[in-house]
Every structure is written in C-alpha cells, then in structure tokens.
Amino acid sequence: MAKYLLLKHYRGAPAAINDVPMDRWTQEEISDHVQYMNDFAARLEESGEFVDGQALAPEGAWVRYDGEGRPPVTDGPFAETKDLIAGWMVIDVDSYERAVELAGELSAAPGAGGKPIHEWLEVRPFLSAPPTITE
Amino acid sequence: MDGVLLRSLTPGVIAVLVRRGADFAAAEDAVQDALVEAVRVWPGDPPRDAKGWLVTVAWRRFLDATRADASRRRREDLVDREPAPGPAASVDDTLQLYFLCAHPSLTPSSAVALTLRAVGGLTTRQIARAYLVPEATMAQRISRAKRTVSGVRFDQPGDVATVLRVLYLVFNEGYSGDVDLAAEAIRLTRQLAARVDHPEVAGLLALMLLHHARRAARTAPDGSLVPLAEQDRGRWDARMISEGVAVLQGALARDRLGEFQAQAAIAALHADAPAAGETDWPQIVEWYDELACLTDSPVVRLNRAVAVGEADGPRAGLAALAAVDGALPRHTAVAAYLHERDGDLATAARLYAEAALKAANLAERDHLTRQAARINALLGAGPSG
C-alpha cells in the first residue's frame, strides 16, 4: 500500500522509441491514443488503484515573493528550462513492482503508426506517514 | 450510542445473514446499510436488543436488494427458509469472517480494506479517507475483494497468521483520518484474542499495546518525530503498558515463541526502563537474536546492530552493521547514528544528510535533516557545509 506518481514529460525525458511528435499523427492515431489513456485510467479505477490523474498546460510562469507590500514577480516561461512536466497519474498499489508494471503499460500507449510510443515515464514514490513500529 | 459497540456487532450480523443463505458480498452490503440506519434511528429510539435489530433490518435490506435484482424465485426460497430469530451466532462465525477477509487470495491492501469494512464495520468513505484514496477507488477495491473471496466457503478453517499480518498492517500504517486506525487495529486484535487461544495473537496484541502506549510521546507539538531515547516517559500510558506486559507474559508462558511475541518482548524492555540510559540493551540484543532465528529478516539484523551499538559500544554496532545489506531503508541513518556515537562527526553529518534523501517518510526525512544540521553547526561548517 504505497502511492506512486507516474510522471509524463513534454521535455526532459530520454527520447522515446516511437518518437514522432503528436502533431504528425493521423486523426485516428490521436483518437486511439486518447482512448488508450482513458481506458487505462478506467482500468485502474476498476482495480481500486487509481488516486488521481491530471494533465498540465505546457506553458506556465515563474513566480516569486518580492518583499513586503509588493506584488509577486512573475517571469518566464523560459524556453531553456530542460524539464517540462506534461501530466501525472497517482496510483495506490501494493508494491513497487506493481507501480513499474503499470508505468510500463501506460508507456505502451499507441502513437504514430498505431505502434506503442515506448515513452519514458518517471516513477516516484510518495513519502508516506511514518510507521508506528520502528524498533 | 456507542459507535464502537455498534461496529463490534458487524461480523456477527454478517455471519447470521450468511448462515441464512445470503452470499457474503450481499450480506456485507446489507449490514452496511443497517449500520447506517442504526446511526440514524438509534439516538432517538434505541433498541433493547441491538444485534437482533441489526439482523432484522439487514435481512430486510438483503431481501429488498434481492427483489431489486429481480431474483424473485430465489427471494421466495429464502423467505421460506428464514429461521426464527435464534440465539446469537457462535463466536466461530466472527472468527470465520476474519479468515475470509484475510484470505491468501487477496492482496494486502484488499485484505486490509475488506477487514476494516466487514469485521470493523467502518464505512467505505472512512476507509478511503484513512488511506488517502478517492472513495470510488476504495469502493472498487472492496467490491473486487468480495468477488475474489466469493467462492470461498464460509466454514473453511483459516490460517491465523494471515489474519495477524493484516491486523499488523492496519496498526503499523496508522495514517491520519477521522478513524484512529491504530486503535481500531487494537480493537480487532483484542476481539480476535478473545476467540482464538494462540500465543502469537496475544503477542501481536501485546506489541500493539506497548507501542500505542508511547503514542503521545512519539511526536512533538509541531508534528516532528521524537526518538525513543528523547521521549518524555512520563507521557507513556502506564496502564496500557502494564496490560501489554501482562498479555505478553501470558503468551510467553505457553512456550511457543513467535515473531510478534519476540517483538513485543523488545518493546516491553523499552517500556520497562525508567530512563533511556537504564535500558537493558544486552537483553534486547538477545531478543533480536531470537527474532533473527524466527524470521531471518534483514530489518531485524539492522535493528539488532543498533542494539549492539548500545550494549557493546558504537564500534561493535558498526561491525554488526557491516554484515547488513547496505541497500536497506534506514541503513544509512543507523550508520550515521553509530558514527556520531563513535565521535566521527564529519562522517555522521554526511551520512545523516544522505539518509535524509533516502527516507521513505516526511517525518523521518525532516528528523534526519535536523540531525545533519545539528552536527554541521557543531562542526562550525554551517547547514550547507
């Protein structure tokens, strides 16, 4: 019983095997991909392992505190930022192995030519609550 | 109305419905409905026979659901078979429910969820909140679990060890929520101990009581972890400790040692020390040796290295640690502690910082980060040095 974040990157991940950008896919390939993602989430709900799934817009702003009584400073987006997160899925599973298995399935989503993208996904464990028994 | 008392009736009522011919999944749903109804109705109109009331309402709900399923013929069969309200179900029924909910065909998380609902009488929403997942996800987990055990005969004997593992998980992962899972685990283990004469059941109950007794002292007001050695022992629950010790002594007298009894014995030795400095570490090392024989777990060897460090000095502890797999969680944290005790502050600070990066939970990470910062300040290097 542990939660994992499956993180999908716009940029920053190693190149996928089937690395054709989505704007070069056919309409049907895009539909199939979207369908695959929806089916995957539905399967996780059905198996009692789904916690959350969200997609992020590619562009955002950097914001920081600028001192008492002043509005926050905004800046960016910065094109040179190496890592750009596209979205995530949070799962609650029995083991790390299961988290990896599910990430593998998600990475098999079809892309150009209807073939799996083999996209690299990042799997990150959540920090949990401390266990009661430690010694 | 006492919610815990109400929930304690849950397994017995499910068992009555199953004995009358309802399948487990439908019986469990009907009893959940009856519990909700009881919470609504009882405050104004408490029944004299609480269990009888629940059986009547749950059975009616079950028949309604069966009717809704258009299984008219089956319903009429059941109505024909409906027995007169009899004596309370035997204790074995409740025990069977423990076995069913911890069935080896279930994954640990499913067994935990099903046990909390069907044996504990908690609602799906309460369980979902306790484990920080959406209610729909928990509902699916529970209904899948019920499907998984649907073919299991209710009167099959089970293995008490599987039940103990589930109860241990509930206790040890006592997440926050509106339900106190640690207290719930103790209640369920107590209820089990009243039904099964097994030294490991008593051992687990003792282990839980001895750890739960320290709960108030385990966290500072800001939520940070307070290590055992620094806890205010005056805040330990002395009554709970003496109960835990008594339960443990009863179990050990049976001379059938098991993992939980050995763990409880270690907890009892800590509880027995009026101050951290008076802890009987040599005897704790002996219990870790026993535990290592019983489980051969690397975690036990890691904790044993800590105890050896206290009993025979940090060098001995580091020597014991050298034989433990370095990839183990908390290995680096233990090494940091032993190096600090050994006076090697630079190594300790570096290892504490490294251990913080490997910590599996936030409280531990913050604690280890503070340790690194404390030693860095001593070294005059500053927190970033």
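I count helices (H or I, at least four residues) and strands (E, at least two) as DSSP runs, numbered from the N terminus. This is a predicted model, where local features need pLDDT of at least 70, side-chain atom pairs count only at pLDDT 80 or more, and totals for chains, interfaces and linings use all residues. Residues are numbered from 1 along each chain as its sequence is written, and chains are lettered from A, ligands numbered from 1, in the order in which they are written.

Chain B, annotated spans. I looked up UniProt, where an unreviewed entry lists "domain: RNA polymerase sigma-70 region" at residues 6-69 of chain B. That span is 78% helix and 0% strand, with its end C-alpha atoms 29 Å apart. The unreviewed entry also gives "domain: RNA polymerase sigma factor 70 region 4 type" for residues 98-148 of chain B. Here I get 73% helix, 0% strand and 15 Å between the end C-alpha atoms. Positions are in the numbering used here, feature names are shortened, and annotations may be inferred rather than shown by experiment.

Confidence. The model scores ipTM 0.85 and pTM 0.88. Mean pLDDT (the predictor's confidence in each residue, from 0 to 100) is 90 for chain B, and 92% of its residues score at least 70. Residues 83-91 of chain B fall below 50. Where pLDDT is low, the predicted coordinates should not be read in detail.

Chain A. I find two helices and six strands, in the order β-α-β-β-β-β-α-β. The radius of gyration (over C-alpha atoms) of chain A is 18 Å, well over the 14 Å from the globule rule (2.2 Å times the number of residues to the power 0.38) for 135 residues, so chain A is more spread out than a compact globule.

Terms used:
Two residues are in contact if their C-beta atoms, placed from the backbone, lie within 7 Å.
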